[in-house]
Amino acid sequence: MLTPQAKKRWIKFKALKRGYYSFILITVLIFLSLFAELIASNRPVVIHYNGELHFPTYGDILPGTSFGYDYQWEVNYKDLQKQFNLEDKGNWLIMPVIPFNPLESDFIEGEYPPYAPSIESKHYLGTDMAGRDITSRLIYGFRIAILFSLFLLAVTYIIGVFIGALMGYLGGTFDLVFQRLIEVLSNIPILYVIMIVASIVTPDFWTLVLLLAAFSWMGLTWYMRTETYRENSREYVMAARAIGASHSRIIFKHILPNSVSILVTFFPFSVVSGITSLTSLDYLGFGLPAPTPSWGELLQQGTANLEYQWIAISAVAALSFVLTLVTFIGEAIREAFDPKKYSYYE
Amino acid sequence: MQGYFTQRLLLTIPTFIGITLLVFTLTRLVPGGPIERMLAEAQLSSGETASSAEGFGSQSLSEDQLDQLKAYYGFDKPIITSYLEWLWKVLQLDLGESTRYGESVWDSIIERLPVSIFYGVTTMILTYLICIPLGIFKALKHGAPFDHASSAFIFISYAIPGYVIGIACVSFFAANLEWFPLGGFVSDEFEELTLWEKIKDLLHHAFLPLIAYMAGSLAVMTFMMKNALMENLSADYIRTATAKGLSFSSAIKKHALRNSLIPLATHFGQNISVILSGSFLIEKIFNIDGIGLLGYEALVERDYPVVMGILVISAVLYLIGNILSDICVAWADPRIRFGEAK
């Protein structure tokens with residue numbers, strides 16, 4: 001499946017330990033975050049009640065009546081757990097490691113939030129100003145941020161590759177017009193535009209993806225254009241043209257596979273910029289609407305309330321950790337794709 | 001060469017128009033523009049004195065007055081007409097008045113200019129002072145433990161956005177350890193201090209923001225320097241130079257170094273716009289009253305003349321910076337001849 005060249009690069013990438021282990025770690029983290037409901041939720045993973053097993057994480061809510069309470073709304077699992085322990089009838093339930101939903105405010109009697117980190121209250125990183133568990137919000141915030149940047153990446157790559165290839169392939173007026181357009185778009189402060197648009201409509205996940213994509217496809221387009229331009233003058237393209245291959249066939253079957261390596265080296269850095277953009281927008285309050293769990297929103301709470309240090313520290317640490325991992329991967333990929341070997345003449 | 005730069009200069013005009021027209025149009029599409037904001041404010045203040053029973057539903061201004069107000073701010077014409085009027089004013093160096101304070105946009109920008117220039121220039125000088133030696137050292141010691149350790153550190157500073165580093169610095173060094181002030185450009189009693197105390201006070205306030213500012217460009221510049229030097233070191237002309245009997249160190253000094261500075265020269269022009277506009281996120285965190293913060297506040301308050309004014313300045317600087325980069329490159333590398341037939 002892999003071409004010999006790709007195989008060689010993969011082997012070189014694996015030899016770069018810092019990047020390779022970062023890659024494994026981030027893949028595991030993304031995979032785990034897809035099942036965040038089993039790690040951080042106020043619903044138990046498993047309930048054993050009167051000889052029956054329930055898995056309330058996914059699926060419909062279980063009303064109070066199914067556990068012998070007299071209410072129709074969702075059963076309070078914390079009460080249920082206490083009751084199970086009191087009754088000692090062989091009923092049990094297993095709560096997730098972090099027994100809090102990211103949107104749920106926990107109130108400890110006689111105290112006002114935010115609560116400091118404590119193992120006893122199971123708020124391992126404390127709570128934010130509204131009493132919501134920080135660990136839980138970090139986990140869900142990670143999932144949203146990483147999915148956001150992956151979708152953003154997909155959209156920008158599709159636009160960038162398409163327009164870049166056309167610019168390089170067609171040249172002429174098309175090239176010139178888009179050169180100007182790119183210059184205009186890359187000079188516009190993107191945060192300005194998003195802040196202005198955010199005052200018209202409250203942006204949701206997809207609006208933000210499209211909006212950011214509209215202003216960040218240019219970087220890749222530029223490289224893609226150069227690459228296409230170069231490949232276009234190669235003999236194999238000329239040969240393809242000579243035997244009568246159509247334009248789209250030349251672009252998609254010949255030029256694109258040969259310029260794909262440049263796209264791969266940009267991959268991790270696009271993820272970093274996606275996460276960074278979303279976080280700064282959320283930080284300023286122009287990102288995803290509250291109460292979406294978000295790292296930027298935690299950063300904002302942290303800076304507004306410096307006396308509750310655990311808020312800022314958790315958010316900064318989580319963000320730094322993930323961004324550093326992704327950058328390490330990017331650096332390793334870049335090195336693996338770099339055919340240059342430096343030699344000295346000392 | 002001259003022809004090339006004239007052409008470049010002329011090409012900035014459509015770009016400038018494109019940038020300003022796009023943002024201008026956007027500001028016009030926003031409901032709740034300056035007029036609405038002023039009305040709401042007027043109603044709030046009149047509501048305190050008169051009965052507030054009128055509420056927001058009824059207009060306290062007559063239609064006539066409203067039209068007058070709109071005409072005054074140029075909101076009564078179609079977008080293109082008012083854009084052209086605005087552009088004509090800009091060409092006469094008139095950026096208009098802030099809808100918030102009634103102050104001239106020029107004045108509010110010039111007032112904040114010293115702060116932004118201070119941070120911009122200091123950051124740039126410090127970055128060059130650190131990056132060039134560090135890059136050279138890393139290139140010469142490529143693969144050594146120091147190279148690996150410093151690379152890891154530089155990557156981390158590159159990965160984390162400057163303002164997040166700023167937040168980390170504020171919460172740790174300022175709020176927790178109280179080594180540095182929480183923000184601001186200078187202390188309140190700055191005027192009463194002696195010159196020596198003034199410098200100390202300024203640096204005391206500037207230390208953390210400068211770290212945040214430098215974090216991002218540090219990585220880019222250091223690696224640019226390192227890679228360029230390494231590429232030159234393995235080039236044939238260095239081999240020739242050493243073969244002739246030149247020592248390796250003077251081959252670096254006399255030949256490789258100058259060639260390696262070219263990419264840094266290219267980068268120089270792009271710094272110009274950063275020098276002046278700064279980063280409003282960092283300015284917001286450290287509460288520095290620079291141009292970045294001015295633009296941000298104007299955006300939040302929908303004070304669009306100020307937004308457009310800052311956009312004009314940053315766009316012009318960016319476009320000039322690009323051309324300046326080319327000039328720097330031509331100056332640093334006599335081999336490069338722009339615009340001449342191959």
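# Briefing: chains A and B

Y124(A) counts as partly exposed because it has 16 C-beta neighbours inside 10 Å; the class lies between buried (20 or more other C-beta atoms within 10 Å of the residue's own) and exposed (12 or fewer), with C-beta atoms placed from the backbone. The model is predicted, so local features need pLDDT of at least 70 and side-chain atom pairs count only at pLDDT 80 or more, while totals for chains, interfaces and linings use all residues. Residues are numbered from 1 along each chain as its sequence is written, and chains are lettered from A and ligands numbered from 1 in the order in which they are written. Chain A contains 13 helices and 3 strands; helices (H or I, at least four residues) and strands (E, at least two) are DSSP runs numbered from the N terminus.

**Overall form of chain A**

- The radius of gyration of chain A is 26 Å, well over the 20 Å of the globule rule for 346 residues, so the chain is more spread out than a compact globule. This radius is taken over C-alpha atoms, and the rule is 2.2 Å times the number of residues to the power 0.38.
- Along the principal axes, the C-alpha atoms of chain A fill a box of roughly 85 × 55 × 45 Å.
- Buried residues make up 39% of the 346 residues of chain A.
- Of the contacts in chain A between residues at least 6 apart in sequence, 63% join residues at least 24 apart; a contact requires C-beta atoms, placed from the backbone, to lie within 7 Å.

**Strands of chain A**

- Strand β1(A) (residues 46–49) pairs with strand β3(A) (residues 92–94) in the antiparallel sense over 3 bridges, where pairing requires at least two bridges found by DSSP. Within this pair, V46(A) has I94(A) of β3(A) as its bridge partner.
- β1(A) also pairs in the antiparallel sense with strand β2(A) (residues 52–54), over 3 bridges. Here H48(A) stands opposite L53(A) of β2(A).
- β1(A) and β2(A) form a hairpin with 2 residues between them, and N50(A) in the turn has a positive phi of about 45°.

**Selected sites in chain A**

- Y124(A) is placed in the loop between β3 and α5 (134–170) of chain A. Apart from its neighbours within four places in sequence, Y124(A) is in contact with I98(A), P117(A), I119(A) and T135(A).
- The C-alpha atoms of Y124(A) and S199(A) are separated by 36 Å, the two residues being 75 residues apart along the chain.
- The 16 residues of helix α6(A) (residues 172–187) should span 22 Å at 1.5 Å a residue, which agrees with the 23 Å between its end C-alpha atoms; the expected span is 1.5 Å times one less than the number of residues. The buried residues of α6(A) are I182(A), E183(A), V184(A), L185(A) and N187(A).
- G302(A) belongs to helix α12(A) (residues 295–304) and counts as buried because it has 26 C-beta neighbours inside 10 Å.
- Beyond its neighbours within four places in sequence, G302(A) is in contact with I311(A), A312(A) and A315(A), and also with I167(B) and S171(B). The C-alpha atoms of G302(A) and A315(A), 13 residues apart along the chain, are separated by 7.9 Å.

**Contact between the chains**

- Chain B gives 40 residues to the contact and chain A gives 34 residues. On chain B, the elements that give two or more residues to the side touching chain A are α1 (2–29), α6 (145–159), α7 (162–176), α8 (195–233), α9 (236–243), α12 (280–286) and α14 (304–332).
- α1(B) provides the largest share of that side, 9 residues.
- By class, the side of chain B that touches chain A has 30 nonpolar, 9 polar and 1 charged residues. Ala, Val, Leu, Ile, Met, Phe, Trp, Tyr, Cys and Pro count as nonpolar, Asp, Glu, Lys and Arg as charged, and the others, Gly among them, as polar.

**Chain B and its domains**

- Chain B has 14 helices and 0 strands.
- Of the 342 residues of chain B, 34% count as buried.
- In chain B, 74% of the contacts between residues at least 6 apart in sequence join residues at least 24 apart.
- Chain B is assigned domain 1 (9–91) and domain 2 (111–332), with bounds from an automatic or database domain assignment. The contact between them takes 15 residues from domain 1 of chain B and 11 residues from domain 2 of chain B.
- On the side of domain 1 that touches domain 2 of chain B, the elements giving two or more residues are α1 and α2 (34–49) of chain B. α1(B) gives the most to this side, with 9 residues.
- The side of domain 1 of chain B that touches domain 2 of chain B has, by class, 8 nonpolar, 6 polar and 1 charged residues.

Definitions and conventions
Two residues are in contact if their C-beta atoms, placed from the backbone, lie within 7 Å.
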